[in-house]
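Please consult the sequence and the model below while reading.

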Amino acid sequence: MLSFDFDKWTIRSDPDLTREVYASIDTSGAELCGCEECFNFAAVRHLVYTPEILNLLDWFGVDPLLESGVRHRGRLDSGLHLYSGWFHLVGEITAGPLTPVAAAREGEKSIVSLIPSGDGLQFGFSTARGNAPDEFFGLPVVQFEFCAELPWVSNGPEPA
Ligand SMILES: [Zn+2]
């Protein structure tokens, strides 16, 4: 396990084991779901992550094409769409907030534990593992969470 200090968190992680788990996962959560909102996310996935986030995911051994899942949270006044999403990695949070963004209620300050990474992207960590792929079964897991503001490019009906 390697220890990593980031902003308010200290994360112990096992990048090699995480890489092994991702090597055994074939399909991202968005593609597994297959709804129009997830399809749109997959279509704009290349716009989601800043270099900072991509470096971080790489350091953790996470494959940025294989998010565990995403959720469409609504269309913003700007015309962009707010999404939440999750990756998982083998490890544990040894210091910092443990609360999952997914547990907060709609319309409340649900993303306060996340930190900004430019262009409407925010991210953070939690101990939630309810959305972790089966491949993480039996392993200690940290959830890497993000919120992103993304365009609608799908030909399907644009949701509110
Ligand atoms: Zn979906």
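## Exposure of E20

E20 is partly exposed because 13 other C-beta atoms lie within 10 Å, whereas a buried residue would require 20 or more and an exposed one 12 or fewer. The structure is a predicted model. E20 belongs to helix α1.

In sequence, 44 residues separate E20 from P64, and their C-alpha atoms are 14 Å apart in space.

## Nonpolar core

The largest nonpolar core comprises 31 residues, and V62, L89, F144 and A148 have the most contacts inside it. At least two residues of this core are supplied by each of the helices α1 (15–23), α3 (36–43) and α5 (51–60), and likewise by each of the strands β4 (81–95), β6 (122–126) and β7 (141–150). Strand β7 provides the largest share of the core, namely seven residues.

Which residues does L89 touch, leaving aside those up to four places away in sequence? They are S13, T18, F60, G61, V62, V142 and F144. Two of these partners, V62 and F144, are also named with L89 among the residues with the most contacts inside the core.

Strands β1 (residues 2–6) and β2 (residues 9–13) run antiparallel and are joined by five bridges. One of the paired positions is F6, whose bridge partner in β2 is W9.

How values were computed:
Residues numbered from 1 in each chain as written. Predicted model: local features only at pLDDT ≥ 70, side-chain atom pairs only at ≥ 80, totals over all residues. Core = buried A, V, L, I, M, F, W, Y, C linked by C-beta atoms within 7 Å. Helix = DSSP H or I, 4+ residues; strand = E, 2+ residues; numbered from the N terminus. Contact = placed C-beta atoms within 7 Å. Pairing = 2+ DSSP bridges.
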